[in-house]
Amino acid sequence: MEVAPGPEVLGQRVAALVVEALRPAAAGGPAKPLGLATGRTMEPVYGALVEQLQALPSVERQGLLAGWSSFNLDEYVGLGPEDLESFAASMERCLGAPLGLAPGQLRLPDGLAPHPEREARHYGQAIAAAGGLGLQLLGLGNNGHVGFNEPPCPPEAPTRCLELDPATRRQNAGLFAAGLAAVPRRAITVGLAEILAAETVVLVVSGESKAEILRRSLEEPPQPQLPASWLQRHPRLKVMVDGAAASRLGCVRI
Ligand code: GLP
């Protein structure tokens, strides 16, 4: 567990981990694809990531960017890259455009696919074909979801299309210009199965409003009603939080 004073420093520390994960594996093989998240928590992370990569000597930066391969966690069904509120548009704004990444490098489920269930299956197959995920970044939903794995969710849930929890639609309504009515009812998400199979999982949480759900996710026994609680079983889970999010954790002195 690492506690940063605030979201900006937290973002810088998480970004530094991503830069390291972009370097080819010590064993000589290419690093496994990154698993990326969207949401407010990730904005300072991606801002810092762009800054850190741009500060590198250009040959080194180009080498790292040439090897970039990532799979985002989720996308709303019915939204595509042209929709401002889609995760595809958000990733393009935060990383794709500033870093000059090709669409094939920064992959997301296609929210406009005519058969979302089939798209989810193909997306899961693409992750498997890439050898699984390396470093997986995760935010935390107010109801304990990770990606869009809504409660109740068993640890073996695969990549799939599902109905969003009303609490999640309310949580994300502020990100839609037209409010709650515009928030799609379904989404495609990478499953807990693929998340738990990632080499390293980094759970990033900031702000007082997440303190209680973070405490429950880390301190209550793993259970379907708290999807993030299954992360306790991951052998390489790194919890990176700010002081406000950590304020209810019994194990942390601030
Ligand atoms: C969203 C996304 C997650 C995100 C989480 C937290 O609904 N599906 O991938 O990590 O909820 O969002 P935020 O960081 O905006 O609080």
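Ser217 is buried, with a relative accessible area of 0%, where buried stands for under 20% relative accessible area, exposed for over 50%, and partly exposed for what lies in between, as found with a 1.4 Å probe and protein chains only. This residue belongs to a predicted model, in which local features need pLDDT of at least 70 and side-chain atom pairs count only at pLDDT 80 or more, while totals for chains, interfaces and linings use all residues. Residues are numbered from 1 along each chain as its sequence is written, and side-chain values use heavy atoms, with hydrogens and water left out.

**Ser217 and its surroundings**

Ser217 has its place in helix H8, residues 211-219; helices (H or I, at least four residues) and strands (E, at least two) are DSSP runs, numbered from the N terminus. Leaving aside residues up to four places away in sequence, Ser217 touches Leu140, Leu226, Ala228, Ser229 and Gln232, a contact being heavy atoms within 4.5 Å.

**The chain as a whole**

The chain contains eight helices and ten strands. Its radius of gyration is 17 Å, which agrees with the value near 18 Å that a compact globule of 254 residues would have; this radius is taken over C-alpha atoms, and the globule rule is 2.2 Å times the number of residues to the power 0.38. Along the principal axes, the C-alpha atoms fill a box of roughly 50 × 45 × 35 Å. Of the 254 residues, 52% count as buried, and among contacts between residues at least 6 apart in sequence, 77% join residues at least 24 apart.

The accessible surface of the chain comes to about 11100 Å², and 55% of that belongs to carbon and sulfur atoms; such areas come from the Shrake-Rupley method with a 1.4 Å probe, and for residues only the protein chains shown count as cover. The chain has 22 positive and 26 negative charges, whose mean positions are 4 Å apart. In that count Lys and Arg are positive and Asp and Glu negative, with His and the chain ends not counted, and the place of a charge is taken as NZ of Lys, CZ of Arg, CG of Asp or CD of Glu.

**Pairs of residues across the sequence**

The table lists separations between C-alpha atoms.

| Pair | Residues apart along the chain | C-alpha separation |
|---|---|---|
| Lys238 and Glu2 | 236 residues | 7.8 Å |
| Gly6 and Gly207 | 201 residues | 8.3 Å |
| Phe176 and Ser247 | 71 residues | 30 Å |

Lys238 lies in strand S10, residues 237-242, and is partly exposed, with a relative accessible area of 30%. Besides Glu2, Lys238 touches Leu17, Val201, Val202 and Leu203, when residues up to four places away in sequence are not counted. Gly6 sits in the loop between strand S1 (2-4) and helix H1 (7-22), and Gly6 is buried at a relative accessible area of 14%.

Phe176 is found in the loop between helix H6 (166-173) and strand S8 (186-189), and although this is a loop position, Phe176 is buried, with a relative accessible area of 5%. Its contacts, again without residues up to four places away in sequence, are Tyr76, Leu79, Glu85, Ala182, Val183 and Pro184.

**Cysteines and a cis peptide bond**

The structure holds zero disulfides, a disulfide being a pair of cysteine sulfur atoms within 2.5 Å. Cys153 is in no disulfide, since the nearest cysteine sulfur, that of Cys161, is 14 Å away, which is too far for a bond. Both residues can also be described by their burial: Cys153 is buried at a relative accessible area of 0%, and Cys161 counts as buried at 18% relative accessibility.

Most peptide bonds are trans. The peptide bond from Pro151 to Pro152, however, is cis, with omega near -5 degrees, and Pro152 has its place in the loop between strand S6 (135-138) and strand S7 (160-163).
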